[in-house]
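Dear colleague,

I am passing on a structure together with some notes on its geometry. Please look through the model first and then read the notes beside it.

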Amino acid sequence: MCGIIGYTGTKNAVNIIIEGLRKLEYRGYDSAGVAFFSDKGVDVIRCKGKIKDLASLVEKEAPASMTAIGHTRWATHGKPSEENAHPHRSDGVVLVHNGIIENYISLKKNLERKGYKFNSDTDTEVLCHLIRDYTNTLPLEQAVREALKEVKGAYALAVINEKEPGKVVGVRKDSPLVVGLGDGEYFLASDVPAFLSYSRDVIYLDEEEMVVLTGEGVLVTKLDGTPVHKDVQSITMSPSMAEKGGYRHFMLKEIFEQPRAVGDTLRGRFSLESGEVNIEEFGISEDILKKINKIFIVACGTSWHAGLAGKYMFEDLARMSVEVDIASEFRYRKPLVDSGHLLIVVTQSGETADTLAAQREAKKLGATVLSICNVVNSTSAREADAVFYTHSGPEIGVASTKAFLTQVSAIYLLAVAFGRLRGTLTADQSRELLEELILLPGKVEKALAADESIKTVAKEYFRARGFIYLGRGINYPIALEGALKLKEISYIHAEGYPAGEMKHGPIALIDEELPVVVLVSHDPLFEKMVTNIQEVKSRGGRVISIAAEGAREVCEISENCIVIPDTNRFLATVLFAVPLQLLAYHIGVLRGCDVDQPRNLAKSVTVE
């Protein structure tokens, strides 16, 4: 989830790019760079670190140019470093990229055979050389079109060529790109805030559309060259709101980014045709994984809930014994870990102190360590034997949302991989499970469509003093997650329980004042959940049901009901989490809480 920006006009382009990158820094902040036309052709300045570090370098050189592109990076391929920072160049062709190129390895091998040399570990440099190869015989925009015919993946690009001064070519597929129209100046960026100080008239590019910016104006076409008429829209939001994409809070923005985040996490990591998962991408061999006879999952907070859901997945799909620990407890109980065991650490930041301590303890005891992590080159990623990077992008809101969905999706994919390796899943069964993954981003989108009805439910219950969340089986960890979100965001006391445990104590809390949130899948435990709902109702409790489409009859016995799309019982966990996040968010807002920065909490807990 990097940020890109381009400009051509009459002002100092480099200053505009630096200013724009500051507004896009929420999209990534591990390295940055700018490329601009000069008397020598195209110059590039880039560095590891934040925009302020790049600005210091630019100030020293004081470049002046009327056309430039820039980038702020959230690393996906290659650690944060100056070599991996954008812009990348191949002779006179220079570009910045937001997205993931799935087939970069095969493209890279072909380009190396042609004599191209690679100086970074990124997938982006492949694009640069590929476009450069076509510019031998074609103008820039046509070279970009031809190159992208060979590319699989997601991209938003801004490309310049020193042979064509004053021109910026932009194109998008599965990554956002917006054009700003000024008076004799034109902008291209990942998001509106990058240029909102200069232009409020914008054109939003749609899928597989290209734009060419020159001093004379902008031209939008399809990738096949067909001209496209685009309506100009006027932006009325304030700059601070624009940084949040028009959303009131970063948390809400990140909740609505989840279809994209899940799609990016899964893209290119399995073959539906063969039913196989690309294990080698994680840096660990099948031979090592086949020797694993037990799994430990260790995490904190929301990530621990993802790990608890993962236990059900691994045990059912791969028939493996799994223990799940809160990281702060793991090393103090003297765990029985050895070389035949796999420790999976689940961490958004890769810097959580308790998780790192558990990871190091397991490593010392001989376990193989796999890190499910969102931050490239974080401590957890560096110290692990293998890494599954979730590509959720920066998460600014303290309460984790999109990181959780990508973690659960990643664990599901790993469970399918182990099932195939161990022979507990046939190729047909694996394909069926993977087909549901392909549909998952769209189903998350459908779950988000219930936002307005969830807001109505929140208005009814935001004054409640406490909540209980109930789930059975794999939905129990999601009940825990729903309760945690409400506690974090609204400061209302909430507890998650296995529904069958309710009669062993928690049922004493139920009265006419207590809302009870119930998660109901259409699965073998459906009838038991219906019984639990009736037990709550007979004691005056107010039931808010979140039910899969196949369990709609639950709505008839609930005060409030939110319906999610059907999927298998494992991925239902992802879809149940979405309305729980929205419910917590809207209750927090109605109570006047700071939902982006809740009191007493920090995004990454780096002390024990």
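In which loop is Lys334 found? Lys334 is found in the loop between α11 (327-330) and β19 (341-347), where helices (H or I, at least four residues) and strands (E, at least two) are DSSP runs numbered from the N terminus. The phi of Lys334 is near 50°, a positive value in a residue other than glycine.

This is a predicted model, in which local features need pLDDT of at least 70 and side-chain atom pairs count only at pLDDT 80 or more, while totals for chains, interfaces and linings use all residues. Residues are numbered from 1 along each chain as its sequence is written, and side-chain values use heavy atoms, with hydrogens and water left out.

The domain assignment, automatic or from a database, gives domain 1 (3-236), domain 2 (244-425) and domain 3 (449-598). The centres of domain 1 and domain 2, taken over C-alpha atoms, are separated by 32 Å, and 16 residues of domain 1 are in contact (heavy atoms within 4.5 Å) with 15 residues of domain 2. Between them these two domains bury about 1300 Å², 65% of it on carbon and sulfur atoms, buried area being the accessible area (1.4 Å probe) that two parts lose on being put together, summed over both. Of the area that domain 1 buries against domain 2, Tyr26, Trp74 and Ile100 supply 42%, more than any other three residues.

Helix α19 (residues 572-590) meets helix α16 (residues 451-461), their axes coming within 9 Å and crossing at roughly 50°; axes are lines fitted to C-alpha atoms, for helices over the stretch in contact, and angles run from 0 to 180 degrees between N-to-C directions.

The contact is made by Leu440, Lys443, Val444, Ala447 and Leu448 of α15 and by Val574, Leu575, Val578 and Leu582 of α19.
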